[in-house]
Amino acid sequence: MSTKRDTSKDGLNNKIQTFVLTNFKSIWQLLQSNESIKRKVNKALLNSLIYKIPTRPNPYSTMTLDEYIPDTNIPKKTDTYTSWESLNDRTYTGRHLPPDPKLNAEGNLPKVEDLAVLFRKRDGKTIYSTKSTMLFPYWVQWFTDSFLRLDHNNKLKNTSNHEIDLCNVYGLTRKETHLLRSFQSGKLKSQKLKRQDGVEEEYPLFYYADPEQGIVDSQFVGLYEPINDEKRQATDKKQYLFAMGVERANVQIGYVMLNTLCLREHNRLCDVLADNYPDWDDERLFQTSRNILMAIILKIIMEEYINHITPYHFKLFADPEAFTKESWHRPNHMAIEFDFVYRWHSAIPETFNYNGQPMHIAKSLWNNKLFIDKGLGALMEETCSQPGTKIGLFNTPDILVELTELPSIKLGRQLQLASYNDYREMCGFPRVTSFKQITGNEFAQRKLKELYGDVDKIEFFVGLYAEDGRKNSTIPALVARLIGIDAFSQALTNPLLSPNIFNKKTFSPVGWKIIQNTKTVSDLVNRNVPLSNKKYKVSFDL
(Lines give C-alpha, C1' and ligand atoms only; values in the text may rest on other atoms or scores of the structure.)
Protein backbone atom coordinates (compact mmCIF):
# COMPACT_ATOMS: atom_id res chain seq x y z
CA MET A 1 0.00 0.00 0.00
CA SER A 2 1.23 3.49 -0.82
CA THR A 3 0.42 6.74 0.94
CA LYS A 4 1.61 10.25 0.31
CA ARG A 5 5.29 10.62 1.12
CA ASP A 6 6.26 13.07 3.86
CA THR A 7 7.97 15.87 1.90
CA SER A 8 9.07 17.89 4.94
CA LYS A 9 12.72 17.01 4.31
CA ASP A 10 12.80 17.84 0.60
CA GLY A 11 14.18 21.31 1.30
CA LEU A 12 12.42 24.59 0.54
CA ASN A 13 14.81 25.67 -2.23
CA ASN A 14 14.53 22.25 -3.89
CA LYS A 15 10.74 22.40 -3.75
CA ILE A 16 10.64 25.89 -5.23
CA GLN A 17 13.03 24.96 -8.06
CA THR A 18 11.07 21.82 -8.93
CA PHE A 19 7.74 23.64 -8.80
CA VAL A 20 8.92 26.44 -11.07
CA LEU A 21 10.53 24.06 -13.60
CA THR A 22 7.55 21.71 -13.77
CA ASN A 23 4.87 24.41 -14.09
CA PHE A 24 4.34 27.53 -16.22
CA LYS A 25 4.84 25.64 -19.47
CA SER A 26 3.83 28.57 -21.68
CA ILE A 27 6.39 30.85 -20.01
CA TRP A 28 9.17 28.29 -20.51
CA GLN A 29 8.18 27.93 -24.15
CA LEU A 30 8.33 31.70 -24.56
CA LEU A 31 11.81 31.83 -23.01
CA GLN A 32 13.00 29.13 -25.40
CA SER A 33 11.71 31.04 -28.43
CA ASN A 34 14.41 33.70 -28.01
CA GLU A 35 17.89 32.34 -28.76
CA SER A 36 19.79 34.77 -26.52
CA ILE A 37 17.48 34.29 -23.54
CA LYS A 38 17.40 30.52 -24.10
CA ARG A 39 21.19 30.31 -23.86
CA LYS A 40 21.27 32.35 -20.64
CA VAL A 41 18.54 30.26 -19.01
CA ASN A 42 20.22 27.03 -20.14
CA LYS A 43 23.52 28.15 -18.63
CA ALA A 44 21.88 29.19 -15.36
CA LEU A 45 19.96 25.91 -15.01
CA LEU A 46 22.94 23.68 -15.78
CA ASN A 47 25.17 25.62 -13.40
CA SER A 48 22.49 25.39 -10.72
CA LEU A 49 22.59 21.59 -11.08
CA ILE A 50 26.36 21.22 -11.14
CA TYR A 51 27.15 23.63 -8.30
CA LYS A 52 24.96 21.73 -5.84
CA ILE A 53 28.12 20.05 -4.51
CA PRO A 54 31.86 20.90 -4.44
CA THR A 55 33.29 20.59 -7.92
CA ARG A 56 36.18 18.53 -9.25
CA PRO A 57 38.88 17.67 -8.48
CA ASN A 58 37.53 15.42 -5.75
CA PRO A 59 39.89 15.26 -2.76
CA TYR A 60 39.51 11.47 -2.47
CA SER A 61 39.77 8.38 -4.62
CA THR A 62 39.54 4.65 -4.07
CA MET A 63 43.35 4.65 -3.79
CA THR A 64 42.71 5.52 -0.15
CA LEU A 65 41.52 1.95 0.48
CA ASP A 66 44.38 0.17 -1.26
CA GLU A 67 46.31 -1.87 1.30
CA TYR A 68 49.61 -1.21 -0.43
CA ILE A 69 51.43 1.79 -1.80
CA PRO A 70 50.68 1.61 -5.56
CA ASP A 71 53.25 -0.31 -7.64
CA THR A 72 54.96 -1.66 -4.51
CA ASN A 73 54.47 -4.45 -1.99
CA ILE A 74 54.76 -1.98 0.87
CA PRO A 75 51.72 -2.01 3.16
CA LYS A 76 50.18 1.32 4.09
CA LYS A 77 47.69 2.50 6.66
CA THR A 78 44.42 3.25 4.91
CA ASP A 79 43.94 6.76 6.31
CA THR A 80 41.76 9.26 4.50
CA TYR A 81 43.70 12.17 3.08
CA THR A 82 44.45 13.84 -0.22
CA SER A 83 47.65 13.01 -2.08
CA TRP A 84 49.02 14.11 -5.42
CA GLU A 85 48.65 10.53 -6.65
CA SER A 86 45.03 10.21 -5.55
CA LEU A 87 44.25 13.42 -7.44
CA ASN A 88 45.95 12.33 -10.65
CA ASP A 89 46.11 8.52 -10.84
CA ARG A 90 42.92 7.83 -12.75
CA THR A 91 43.46 4.09 -12.73
CA TYR A 92 41.75 4.48 -9.35
CA THR A 93 38.17 5.72 -9.26
CA GLY A 94 37.36 9.11 -7.75
CA ARG A 95 34.89 9.57 -4.92
CA HIS A 96 32.81 12.48 -3.61
CA LEU A 97 32.85 11.53 0.08
CA PRO A 98 35.58 9.82 2.12
CA PRO A 99 35.21 6.22 3.33
CA ASP A 100 33.04 5.61 6.39
CA PRO A 101 34.49 2.56 8.16
CA LYS A 102 32.17 3.01 11.15
CA LEU A 103 29.00 2.65 9.09
CA ASN A 104 30.44 -0.35 7.25
CA ALA A 105 31.87 -2.08 10.32
CA GLU A 106 31.04 -5.77 10.56
CA GLY A 107 27.75 -6.36 12.36
CA ASN A 108 26.53 -2.78 12.00
CA LEU A 109 24.52 -3.38 8.82
CA PRO A 110 21.99 -6.05 7.78
CA LYS A 111 23.24 -9.24 6.17
CA VAL A 112 23.54 -8.71 2.44
CA GLU A 113 21.37 -11.73 1.61
CA ASP A 114 18.57 -10.35 3.82
CA LEU A 115 18.39 -7.26 1.60
CA ALA A 116 17.28 -9.29 -1.42
CA VAL A 117 13.68 -8.75 -0.31
CA LEU A 118 14.06 -5.05 -1.17
CA PHE A 119 14.75 -5.80 -4.82
CA ARG A 120 12.67 -8.90 -5.61
CA LYS A 121 9.26 -8.33 -7.12
CA ARG A 122 6.32 -8.60 -4.78
CA ASP A 123 4.11 -11.54 -5.77
CA GLY A 124 6.00 -11.65 -9.07
CA LYS A 125 4.36 -8.42 -10.26
CA THR A 126 6.30 -6.17 -12.64
CA ILE A 127 5.87 -2.41 -12.38
CA TYR A 128 6.17 -0.92 -15.86
CA SER A 129 7.34 2.57 -16.68
CA THR A 130 4.68 5.03 -17.75
CA LYS A 131 7.23 7.16 -19.61
CA SER A 132 10.06 5.10 -21.09
CA THR A 133 10.35 2.52 -23.84
CA MET A 134 12.82 -0.33 -23.66
CA LEU A 135 15.26 1.79 -25.67
CA PHE A 136 15.87 3.79 -22.49
CA PRO A 137 17.51 1.00 -20.42
CA TYR A 138 19.27 -0.34 -23.53
CA TRP A 139 20.79 3.09 -24.20
CA VAL A 140 21.78 3.62 -20.57
CA GLN A 141 23.64 0.31 -20.35
CA TRP A 142 25.35 0.91 -23.67
CA PHE A 143 26.61 4.46 -23.27
CA THR A 144 27.60 4.26 -19.57
CA ASP A 145 29.64 1.14 -20.24
CA SER A 146 32.09 3.31 -22.16
CA PHE A 147 33.18 5.32 -19.09
CA LEU A 148 31.97 3.47 -15.96
CA ARG A 149 34.37 0.54 -16.12
CA LEU A 150 35.43 -0.99 -12.82
CA ASP A 151 38.34 -3.41 -13.09
CA HIS A 152 37.03 -6.96 -12.67
CA ASN A 153 40.23 -7.98 -10.85
CA ASN A 154 40.37 -5.03 -8.44
CA LYS A 155 37.19 -3.03 -7.80
CA LEU A 156 39.24 -0.13 -6.42
CA LYS A 157 40.55 0.43 -9.93
CA ASN A 158 38.98 0.99 -13.32
CA THR A 159 39.76 0.58 -17.00
CA SER A 160 38.04 3.79 -18.10
CA ASN A 161 39.38 6.60 -20.25
CA HIS A 162 37.03 8.83 -18.18
CA GLU A 163 35.40 10.23 -21.32
CA ILE A 164 32.32 9.49 -23.40
CA ASP A 165 34.66 8.24 -26.12
CA LEU A 166 32.67 5.39 -27.72
CA CYS A 167 35.35 2.91 -26.68
CA ASN A 168 32.55 0.29 -26.89
CA VAL A 169 32.67 0.92 -30.65
CA TYR A 170 36.31 1.92 -31.25
CA GLY A 171 38.18 0.14 -28.45
CA LEU A 172 39.91 1.48 -25.35
CA THR A 173 43.36 1.87 -26.89
CA ARG A 174 44.91 2.79 -30.21
CA LYS A 175 46.03 -0.83 -30.65
CA GLU A 176 42.45 -2.08 -30.26
CA THR A 177 41.16 0.60 -32.61
CA HIS A 178 43.64 -0.53 -35.26
CA LEU A 179 42.39 -4.11 -35.00
CA LEU A 180 38.84 -2.91 -35.74
CA ARG A 181 39.78 -0.69 -38.68
CA SER A 182 39.80 -1.81 -42.31
CA PHE A 183 42.38 0.88 -43.24
CA GLN A 184 40.41 1.44 -46.41
CA SER A 185 38.38 4.61 -46.99
CA GLY A 186 38.42 5.35 -43.27
CA LYS A 187 35.99 2.55 -42.45
CA LEU A 188 35.62 0.03 -39.67
CA LYS A 189 35.70 -3.65 -40.64
CA SER A 190 32.25 -4.95 -41.46
CA GLN A 191 30.29 -7.62 -43.30
CA LYS A 192 26.88 -8.00 -44.94
CA LEU A 193 24.48 -10.54 -43.45
CA LYS A 194 20.98 -11.49 -44.56
CA ARG A 195 17.87 -11.04 -42.47
CA GLN A 196 15.27 -13.78 -42.44
CA ASP A 197 13.53 -12.03 -45.33
CA GLY A 198 16.74 -12.13 -47.40
CA VAL A 199 17.60 -8.40 -47.22
CA GLU A 200 21.26 -7.69 -46.48
CA GLU A 201 22.40 -5.38 -43.69
CA GLU A 202 25.82 -4.29 -42.39
CA TYR A 203 27.31 -5.72 -39.17
CA PRO A 204 30.72 -6.03 -37.47
CA LEU A 205 32.85 -9.05 -38.37
CA PHE A 206 32.55 -12.22 -36.31
CA TYR A 207 35.03 -12.55 -33.45
CA TYR A 208 35.58 -16.31 -33.49
CA ALA A 209 37.24 -18.22 -36.35
CA ASP A 210 36.37 -21.55 -34.71
CA PRO A 211 33.44 -21.02 -32.32
CA GLU A 212 33.34 -24.66 -31.25
CA GLN A 213 36.93 -24.55 -30.00
CA GLY A 214 36.71 -20.92 -28.89
CA ILE A 215 39.50 -19.92 -31.28
CA VAL A 216 39.57 -16.18 -32.01
CA ASP A 217 39.93 -14.93 -35.58
CA SER A 218 43.62 -14.12 -36.01
CA GLN A 219 42.90 -10.53 -37.04
CA PHE A 220 41.33 -9.90 -33.60
CA VAL A 221 43.93 -11.54 -31.38
CA GLY A 222 44.80 -8.96 -28.72
CA LEU A 223 41.56 -7.04 -29.11
CA TYR A 224 40.41 -7.90 -25.57
CA GLU A 225 40.02 -10.86 -23.27
CA PRO A 226 36.38 -12.03 -23.44
CA ILE A 227 34.63 -12.30 -20.07
CA ASN A 228 33.84 -15.75 -18.74
CA ASP A 229 30.14 -15.49 -19.55
CA GLU A 230 31.04 -15.24 -23.23
CA LYS A 231 33.55 -18.08 -23.07
CA ARG A 232 30.91 -20.39 -21.62
CA GLN A 233 28.41 -19.85 -24.45
CA ALA A 234 27.43 -22.74 -26.71
CA THR A 235 28.70 -22.83 -30.29
CA ASP A 236 25.32 -21.83 -31.74
CA LYS A 237 25.60 -18.49 -29.92
CA LYS A 238 29.36 -18.06 -30.05
CA GLN A 239 29.47 -18.27 -33.85
CA TYR A 240 27.44 -15.04 -34.13
CA LEU A 241 29.38 -12.94 -31.62
CA PHE A 242 30.92 -9.82 -33.15
CA ALA A 243 34.34 -8.20 -32.83
CA MET A 244 33.62 -4.86 -31.16
CA GLY A 245 35.36 -2.36 -28.90
CA VAL A 246 35.05 -3.83 -25.39
CA GLU A 247 34.78 -7.23 -23.79
CA ARG A 248 31.10 -6.82 -22.81
CA ALA A 249 29.84 -5.56 -26.16
CA ASN A 250 28.05 -8.82 -27.09
CA VAL A 251 26.28 -9.14 -23.75
CA GLN A 252 22.72 -8.32 -24.89
CA ILE A 253 20.97 -7.54 -28.17
CA GLY A 254 20.20 -3.95 -27.14
CA TYR A 255 23.91 -3.27 -26.65
CA VAL A 256 24.80 -4.97 -29.94
CA MET A 257 22.07 -3.08 -31.77
CA LEU A 258 23.45 0.31 -30.66
CA ASN A 259 27.04 -0.67 -31.38
CA THR A 260 26.04 -1.82 -34.86
CA LEU A 261 24.14 1.42 -35.43
CA CYS A 262 27.32 3.38 -34.65
CA LEU A 263 29.42 1.19 -36.92
CA ARG A 264 27.01 1.83 -39.81
CA GLU A 265 26.93 5.57 -39.12
CA HIS A 266 30.73 5.73 -38.99
CA ASN A 267 31.06 3.96 -42.33
CA ARG A 268 28.26 6.07 -43.82
CA LEU A 269 30.04 9.25 -42.70
CA CYS A 270 33.22 7.99 -44.39
CA ASP A 271 31.34 7.72 -47.69
CA VAL A 272 29.82 11.19 -47.33
CA LEU A 273 33.19 12.77 -46.49
CA ALA A 274 34.97 10.90 -49.29
CA ASP A 275 32.41 12.17 -51.81
CA ASN A 276 32.89 15.76 -50.65
CA TYR A 277 36.64 15.68 -50.01
CA PRO A 278 38.13 13.27 -52.56
CA ASP A 279 41.73 14.20 -51.64
CA TRP A 280 41.36 12.98 -48.04
CA ASP A 281 43.27 9.81 -47.18
CA ASP A 282 42.09 6.86 -45.09
CA GLU A 283 43.42 8.30 -41.83
CA ARG A 284 41.69 11.64 -42.15
CA LEU A 285 38.42 10.03 -43.19
CA PHE A 286 38.57 7.71 -40.18
CA GLN A 287 39.51 10.34 -37.61
CA THR A 288 36.99 12.93 -38.82
CA SER A 289 34.15 10.40 -39.02
CA ARG A 290 34.98 9.23 -35.51
CA ASN A 291 34.92 12.82 -34.21
CA ILE A 292 31.60 13.55 -35.92
CA LEU A 293 29.98 10.42 -34.50
CA MET A 294 31.19 11.14 -30.96
CA ALA A 295 29.87 14.70 -31.20
CA ILE A 296 26.51 13.38 -32.40
CA ILE A 297 26.26 10.91 -29.50
CA LEU A 298 27.24 13.61 -26.98
CA LYS A 299 24.53 15.85 -28.40
CA ILE A 300 21.89 13.11 -28.21
CA ILE A 301 22.90 12.31 -24.61
CA MET A 302 22.70 15.92 -23.45
CA GLU A 303 19.53 16.78 -25.32
CA GLU A 304 17.28 13.82 -26.16
CA TYR A 305 18.34 11.45 -23.33
CA ILE A 306 18.69 13.97 -20.49
CA ASN A 307 15.47 15.74 -21.41
CA HIS A 308 13.71 12.38 -21.35
CA ILE A 309 14.91 11.87 -17.75
CA THR A 310 13.90 15.27 -16.41
CA PRO A 311 10.32 16.42 -15.70
CA TYR A 312 11.16 20.02 -16.66
CA HIS A 313 9.39 22.13 -19.28
CA PHE A 314 12.63 23.86 -20.29
CA LYS A 315 14.59 21.61 -22.64
CA LEU A 316 18.29 21.62 -21.74
CA PHE A 317 20.77 21.62 -24.60
CA ALA A 318 24.49 21.42 -25.38
CA ASP A 319 26.12 24.85 -25.46
CA PRO A 320 29.77 24.10 -24.67
CA GLU A 321 31.09 27.60 -25.27
CA ALA A 322 29.03 28.95 -22.36
CA PHE A 323 30.86 27.00 -19.65
CA THR A 324 34.60 27.11 -20.32
CA LYS A 325 35.27 29.66 -17.56
CA GLU A 326 33.28 27.82 -14.89
CA SER A 327 35.21 26.42 -11.92
CA TRP A 328 33.72 22.96 -12.55
CA HIS A 329 35.26 22.85 -16.04
CA ARG A 330 38.06 20.48 -15.00
CA PRO A 331 39.58 17.25 -16.37
CA ASN A 332 37.31 14.25 -15.87
CA HIS A 333 37.79 11.70 -13.12
CA MET A 334 34.82 9.35 -12.86
CA ALA A 335 33.51 8.96 -9.32
CA ILE A 336 32.43 5.71 -7.73
CA GLU A 337 29.12 7.32 -6.73
CA PHE A 338 28.41 8.02 -10.41
CA ASP A 339 28.83 4.30 -11.07
CA PHE A 340 26.25 3.46 -8.39
CA VAL A 341 23.63 5.93 -9.61
CA TYR A 342 23.65 4.16 -12.96
CA ARG A 343 22.91 0.66 -11.67
CA TRP A 344 19.43 0.61 -13.13
CA HIS A 345 18.84 -3.13 -13.20
CA SER A 346 15.19 -2.66 -12.28
CA ALA A 347 14.65 -0.79 -15.59
CA ILE A 348 15.10 -4.04 -17.53
CA PRO A 349 11.87 -6.03 -18.10
CA GLU A 350 12.02 -9.70 -17.18
CA THR A 351 10.19 -10.53 -20.39
CA PHE A 352 9.80 -8.58 -23.61
CA ASN A 353 8.22 -9.12 -27.00
CA TYR A 354 10.28 -10.41 -29.88
CA ASN A 355 8.43 -10.93 -33.15
CA GLY A 356 5.28 -10.31 -31.15
CA GLN A 357 5.94 -13.22 -28.77
CA PRO A 358 7.05 -13.00 -25.11
CA MET A 359 10.70 -13.85 -24.49
CA HIS A 360 12.62 -14.02 -21.21
CA ILE A 361 15.42 -11.45 -21.02
CA ALA A 362 17.96 -14.25 -20.41
CA LYS A 363 17.41 -15.51 -23.97
CA SER A 364 18.59 -12.17 -25.35
CA LEU A 365 22.00 -12.49 -23.70
CA TRP A 366 24.89 -13.32 -26.04
CA ASN A 367 22.29 -14.03 -28.74
CA ASN A 368 23.12 -11.93 -31.79
CA LYS A 369 21.19 -14.25 -34.10
CA LEU A 370 18.00 -12.61 -32.81
CA PHE A 371 19.28 -9.26 -34.06
CA ILE A 372 20.62 -10.53 -37.37
CA ASP A 373 17.37 -12.31 -38.25
CA LYS A 374 15.19 -9.28 -37.54
CA GLY A 375 17.41 -6.41 -38.70
CA LEU A 376 18.17 -3.04 -37.11
CA GLY A 377 15.06 -1.08 -38.06
CA ALA A 378 12.50 -3.71 -37.14
CA LEU A 379 14.22 -4.63 -33.85
CA MET A 380 14.58 -0.97 -32.90
CA GLU A 381 10.92 -0.27 -33.64
CA GLU A 382 9.71 -3.29 -31.66
CA THR A 383 11.99 -2.22 -28.80
CA CYS A 384 10.37 1.22 -28.83
CA SER A 385 6.84 -0.17 -29.01
CA GLN A 386 6.97 -1.61 -25.48
CA PRO A 387 7.68 -0.08 -22.06
CA GLY A 388 10.72 -0.52 -19.91
CA THR A 389 10.15 -1.05 -16.21
CA LYS A 390 10.10 1.39 -13.31
CA ILE A 391 13.41 2.15 -11.59
CA GLY A 392 13.17 1.42 -7.88
CA LEU A 393 12.80 -1.28 -5.25
CA PHE A 394 10.73 -4.47 -5.66
CA ASN A 395 11.12 -4.51 -9.45
CA THR A 396 14.38 -6.26 -10.40
CA PRO A 397 14.19 -9.50 -12.43
CA ASP A 398 15.06 -12.52 -10.27
CA ILE A 399 18.03 -13.32 -12.51
CA LEU A 400 19.57 -9.92 -11.69
CA VAL A 401 18.94 -9.73 -7.93
CA GLU A 402 21.72 -12.22 -7.16
CA LEU A 403 23.92 -11.23 -10.11
CA THR A 404 23.84 -7.45 -9.77
CA GLU A 405 21.90 -5.96 -6.85
CA LEU A 406 23.46 -7.89 -3.96
CA PRO A 407 26.99 -7.61 -5.41
CA SER A 408 26.41 -3.83 -5.62
CA ILE A 409 25.67 -3.74 -1.89
CA LYS A 410 28.77 -5.83 -1.17
CA LEU A 411 30.87 -3.50 -3.29
CA GLY A 412 29.52 -0.45 -1.48
CA ARG A 413 30.63 -2.00 1.80
CA GLN A 414 34.03 -2.92 0.41
CA LEU A 415 34.45 0.70 -0.69
CA GLN A 416 33.11 1.88 2.68
CA LEU A 417 30.68 4.28 1.03
CA ALA A 418 29.07 6.86 3.29
CA SER A 419 25.40 6.60 4.18
CA TYR A 420 22.40 7.59 2.11
CA ASN A 421 21.79 10.50 4.50
CA ASP A 422 25.38 11.72 4.11
CA TYR A 423 24.93 11.84 0.34
CA ARG A 424 21.61 13.65 0.68
CA GLU A 425 23.33 16.29 2.78
CA MET A 426 26.19 16.59 0.28
CA CYS A 427 23.70 17.13 -2.55
CA GLY A 428 21.74 19.89 -0.84
CA PHE A 429 18.86 17.83 0.57
CA PRO A 430 18.05 17.88 4.32
CA ARG A 431 18.83 14.63 6.13
CA VAL A 432 15.77 12.44 6.52
CA THR A 433 14.67 11.58 10.05
CA SER A 434 11.85 9.19 9.18
CA PHE A 435 11.36 6.33 6.73
CA LYS A 436 8.19 8.13 5.57
CA GLN A 437 10.36 10.93 4.19
CA ILE A 438 12.03 8.48 1.79
CA THR A 439 8.98 6.75 0.34
CA GLY A 440 5.23 6.67 0.63
CA ASN A 441 5.25 2.89 0.10
CA GLU A 442 4.26 1.46 3.49
CA PHE A 443 5.71 -1.98 2.73
CA ALA A 444 9.05 -0.38 1.83
CA GLN A 445 8.95 1.74 5.00
CA ARG A 446 8.31 -1.34 7.09
CA LYS A 447 11.06 -3.41 5.47
CA LEU A 448 13.63 -0.61 5.69
CA LYS A 449 12.83 -0.17 9.36
CA GLU A 450 13.04 -3.93 10.03
CA LEU A 451 16.39 -4.21 8.24
CA TYR A 452 18.14 -0.99 9.25
CA GLY A 453 16.29 0.23 12.34
CA ASP A 454 17.67 3.75 11.90
CA VAL A 455 17.45 5.95 8.79
CA ASP A 456 21.07 7.03 9.35
CA LYS A 457 22.18 3.44 8.72
CA ILE A 458 20.58 3.13 5.29
CA GLU A 459 23.28 2.47 2.73
CA PHE A 460 23.86 4.69 -0.28
CA PHE A 461 22.83 2.10 -2.89
CA VAL A 462 19.66 1.07 -1.08
CA GLY A 463 18.64 4.65 -0.31
CA LEU A 464 19.07 5.76 -3.90
CA TYR A 465 16.41 3.37 -5.14
CA ALA A 466 14.17 3.38 -2.07
CA GLU A 467 13.13 6.95 -2.85
CA ASP A 468 9.87 7.51 -4.67
CA GLY A 469 10.18 8.68 -8.25
CA ARG A 470 9.21 12.22 -9.17
CA LYS A 471 6.14 13.03 -11.27
CA ASN A 472 6.87 12.70 -15.01
CA SER A 473 10.45 11.64 -14.32
CA THR A 474 12.17 8.31 -14.81
CA ILE A 475 14.35 8.45 -11.68
CA PRO A 476 14.21 9.39 -7.98
CA ALA A 477 15.40 12.78 -6.76
CA LEU A 478 18.84 11.89 -5.35
CA VAL A 479 19.71 9.81 -8.42
CA ALA A 480 18.67 12.74 -10.60
CA ARG A 481 20.73 15.22 -8.56
CA LEU A 482 23.90 13.12 -8.80
CA ILE A 483 23.40 12.52 -12.52
CA GLY A 484 22.88 16.22 -13.09
CA ILE A 485 26.10 16.99 -11.26
CA ASP A 486 28.34 14.37 -12.83
CA ALA A 487 26.78 13.87 -16.25
CA PHE A 488 26.84 17.49 -17.39
CA SER A 489 30.12 18.42 -15.72
CA GLN A 490 31.86 15.47 -17.40
CA ALA A 491 30.11 15.52 -20.78
CA LEU A 492 30.59 19.25 -21.39
CA THR A 493 34.33 18.95 -20.67
CA ASN A 494 34.79 16.47 -23.52
CA PRO A 495 37.71 17.70 -25.68
CA LEU A 496 35.52 17.68 -28.79
CA LEU A 497 33.24 20.27 -27.17
CA SER A 498 35.99 22.82 -26.51
CA PRO A 499 35.20 26.10 -28.33
CA ASN A 500 38.40 25.94 -30.39
CA ILE A 501 37.56 22.34 -31.40
CA PHE A 502 33.78 22.32 -31.74
CA ASN A 503 33.64 23.96 -35.17
CA LYS A 504 33.65 23.38 -38.93
CA LYS A 505 37.43 23.16 -39.06
CA THR A 506 37.46 20.03 -36.87
CA PHE A 507 34.43 18.28 -38.35
CA SER A 508 34.52 19.79 -41.88
CA PRO A 509 31.66 21.95 -43.20
CA VAL A 510 29.79 18.82 -44.29
CA GLY A 511 30.35 17.09 -40.94
CA TRP A 512 29.34 20.21 -39.03
CA LYS A 513 26.04 20.33 -40.91
CA ILE A 514 25.40 16.65 -40.13
CA ILE A 515 25.99 17.30 -36.41
CA GLN A 516 23.63 20.28 -36.39
CA ASN A 517 20.91 18.34 -38.22
CA THR A 518 21.10 15.18 -36.10
CA LYS A 519 18.92 15.52 -33.02
CA THR A 520 17.67 12.05 -32.08
CA VAL A 521 18.41 8.33 -32.11
CA SER A 522 15.62 8.11 -34.69
CA ASP A 523 17.66 10.28 -37.07
CA LEU A 524 20.57 7.86 -36.78
CA VAL A 525 18.48 4.72 -37.22
CA ASN A 526 16.43 5.82 -40.19
CA ARG A 527 19.45 6.75 -42.28
CA ASN A 528 21.23 3.49 -41.50
CA VAL A 529 18.67 0.89 -42.56
CA PRO A 530 18.16 -0.55 -46.06
CA LEU A 531 16.30 1.84 -48.34
CA SER A 532 12.51 1.55 -48.18
CA ASN A 533 9.49 3.78 -47.86
CA LYS A 534 9.15 2.90 -44.18
CA LYS A 535 10.19 5.27 -41.40
CA TYR A 536 10.80 3.34 -38.20
CA LYS A 537 9.38 4.73 -34.97
CA VAL A 538 12.28 5.20 -32.56
CA SER A 539 12.01 7.02 -29.24
CA PHE A 540 12.82 6.94 -25.52
CA ASP A 541 9.25 8.13 -24.87
CA LEU A 542 6.26 5.82 -24.87
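Predicted model: local features only at pLDDT ≥ 70, side-chain atom pairs only at ≥ 80, totals over all residues.

Mentor: Start with helix H5, residues 135-144. Is it enclosed or open? Of its 10 residues, 9 are buried, so the helix is largely enclosed by the rest of the structure. The buried ones are Leu-135, Phe-136, Pro-137, Tyr-138, Trp-139, Val-140, Trp-142, Phe-143 and Thr-144.

Next, the core. The largest nonpolar core has 167 residues.

Now look at Tyr-342. Leaving aside residues up to four places away in sequence, Tyr-342 touches Val-140, Phe-143 and Thr-144, along with Leu-148, Tyr-305, Tyr-465 and Ile-483. Val-140, Phe-143 and Thr-144 are buried residues of H5.

The side chain of Asp-145 forms a salt bridge with that of Arg-248, at 3.4 Å from N to O. Asp-145 sits in the loop between H5 and strand E4 (150-151), whereas Arg-248 sits in the loop between helix H9 (235-238) and helix H10 (253-276). The two are 103 residues apart, so the pair links distant parts of the chain. Asp-145 counts as buried because its relative accessible area is 9%, which is under 20%. Arg-248, at 23%, counts as partly exposed.

Glu-265 lies in H10, and Arg-527 in the segment after helix H21 (521-526), 262 residues away. Their side chains meet in a salt bridge of 2.8 Å, N to O. Glu-265 is buried at 0% relative accessible area. Arg-527 is partly exposed at 27%.

One more pair is worth a look. Glu-459 and Arg-413 meet through their side chains in a salt bridge, 2.7 Å from N to O. Glu-459 is in the loop between helix H17 (442-452) and helix H18 (460-466), and Arg-413 is in helix H15 (residues 398-414), so this pair ties together parts 46 residues apart in sequence. Both Glu-459 and Arg-413 are buried. The count of salt bridges comes to 29.

Technical notes: Residues numbered from 1 in each chain as written. Heavy atoms only, no water. Buried < 20%, exposed > 50% of the residue type's maximum accessible area, 1.4 Å probe, protein only. Helix = DSSP H or I, 4+ residues; strand = E, 2+ residues; numbered from the N terminus. Core = buried A, V, L, I, M, F, W, Y, C linked by side-chain atoms within 4.5 Å. Contact = heavy atoms within 4.5 Å. Salt bridge = Lys/Arg side-chain N within 4 Å of Asp/Glu carboxyl O.
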